[in-house]
Amino acid sequence: MTRGVGSRTASGGVASGGVVIRTATAADLPAMAEIYNDAVRHTLATFDVDPQPPTLFAERVASRRPGDHVVVAEEDGRVLGMAYAATYRPRPAYDGTRETSVYLDADAHGRGIGRALYDELFRRVDADGIHTCLAVIAQPNPASEALHAAVGFERVGLLREVGRKFDRWVDTAWWQRVR
C-alpha cells in the first residue's frame with residue numbers, strides 16, 4: 001500500500017501513516033550505514049563494493065551549508081530509509097547544484113517512503129534556492145527511474161559501462177531536476 005504524505009509534525013518532520021520524515025542526526029548513522037551496506041552487498045544502487053562504516057554519512061549529516069540536507073524516515077523508532085542532497089562538485093560555479101540519492105531498508109520498498117523522503121528533501125532544497133538536482137541511477141533500475149520521474153527529474157544522459165560490480169560492467173543514467 002502506498003501511503004501519502006500527511007501533516008507536518010511538531011519536530012518539523014512529515015508524517016506518512018506512522019512514518020515520520022525528519023532531519024538525520026548523528027544517532028542515525030549506524031542505521032543509515034546498515035541500510036546503505038545492504039545496498040552495497042546486494043544491489044547496484046551504489047558502486048561501493050565493500051561495506052562502509054557508520055561515519056560515511058557523518059559530514060553530510062553535520063553540514064549546515066544551504067542546500068545540503070539529510071532526512072530519514074522513521075517508524076516506531078526504526079530508521080527505514082534516508083535521502084540526501086550533497087555538494088555536486090566543490091567549485092563555486094556549482095553552488096546551485098546538488099547530487100541527490102535515496103536508500104531504503106528492504107522492508108520499506110513499495111510503501112511510498114522513498115517518495116515521502118524525496119518530497120521533504122526537495123521542499124528543503126527548494127527553500128534554500130538550489131536550482132538543479134542531479135541523480136545517477138545504475139542500469140537497469142526501473143523503480144528508481146519511476147521515482148525520479150515522479151518527483152520532477154528527467155533523464156538527460158547515459159554513461160555506458162562506467163562501473164564494474166557483481167562481475168559485470170554497468171551503465172549509469174544521469175537524471176536532472178531543474179527548479
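User: Why is Leu 159 called partly exposed?

Analyst: Leu 159 has a relative accessibility of 38%, and because buried means under 20% relative accessible area, exposed over 50% and partly exposed in between (1.4 Å probe, protein chains only), Leu 159 counts as partly exposed. The residue is found in strand 7 (residues 154-165), where strands are DSSP runs of E with at least two residues and helices are runs of H or I with at least four, numbered from the N terminus. This is a predicted model, in which local features need pLDDT of at least 70 and side-chain atom pairs count only at pLDDT 80 or more, whereas totals for chains, interfaces and linings use all residues. Residues are numbered from 1 along each chain as its sequence is written, and side-chain values use heavy atoms, with hydrogens and water left out.

User: What kind of surface patch do Phe 47, Leu 159 and Val 162 form?

Analyst: Phe 47, Leu 159 and Val 162 form a nonpolar patch, with about 240 Å² of accessible area together. A patch takes residues with over 30% relative accessible area and no salt bridge, joining like charges within 9 Å and nonpolar side chains (Val, Leu, Ile, Met, Phe, Trp, Tyr) within 5 Å. Leu 159, at 38% relative accessibility, is therefore above the 30% limit. The areas come from the Shrake-Rupley method with a 1.4 Å probe, and for residues only the protein chains shown count as cover.

User: What is the phi of Asp 76, and what is the phi of Glu 161?

Analyst: Asp 76 has a positive phi of about 50 degrees although it is not a glycine, and Glu 161, also not a glycine, has a positive phi of about 50 degrees. Most residues other than glycine have a negative phi, and most peptide bonds are trans. Asp 76 lies in the loop between strand 3 (69-75) and strand 4 (78-87), and because its relative accessibility is 79%, Asp 76 counts as exposed. Glu 161, by contrast, is found in strand 7 and is partly exposed at 49%.

User: Which kind of peptide bond joins Gln 139 and Pro 140?

Analyst: The bond between Gln 139 and Pro 140 is cis, with an omega of about -5 degrees. Pro 140 is found in the loop between strand 6 (132-138) and helix 4 (142-150).

User: Why can the salt bridge between Glu 75 and Arg 111 be said to tie together separate parts of the chain?

Analyst: The closest N and O atoms of Glu 75 and Arg 111 are 2.9 Å apart. Glu 75 lies in strand 3 and Arg 111 in the loop between strand 5 and helix 3 (113-127), so the pair ties together parts that are 36 residues apart in sequence. Arg 111 counts as buried at 17% relative accessibility. A search of the whole structure finds 12 salt bridges.

User: What makes the aromatic pair of Tyr 36 and Phe 57 edge-to-face?

Analyst: Rings of Phe, Tyr and Trp (its six-membered ring) pair if their centres lie within 6.5 Å, with planes under 30 degrees apart counted as stacked, over 60 as edge-to-face and the rest as tilted. The count by this rule comes to 8 aromatic pairs. Among them, Tyr 36 and Phe 57 stand at 5.3 Å centre to centre with 85 degrees between the planes, and the pair is therefore edge-to-face. It links distant parts of the chain, with Tyr 36 in helix 1 (residues 29-42) and Phe 57 in the loop between helix 1 and helix 2, 21 residues apart. Tyr 36 is buried at 6%, as is Phe 57 at 2%.

Technical notes. Salt bridge = Lys/Arg side-chain N within 4 Å of Asp/Glu carboxyl O.
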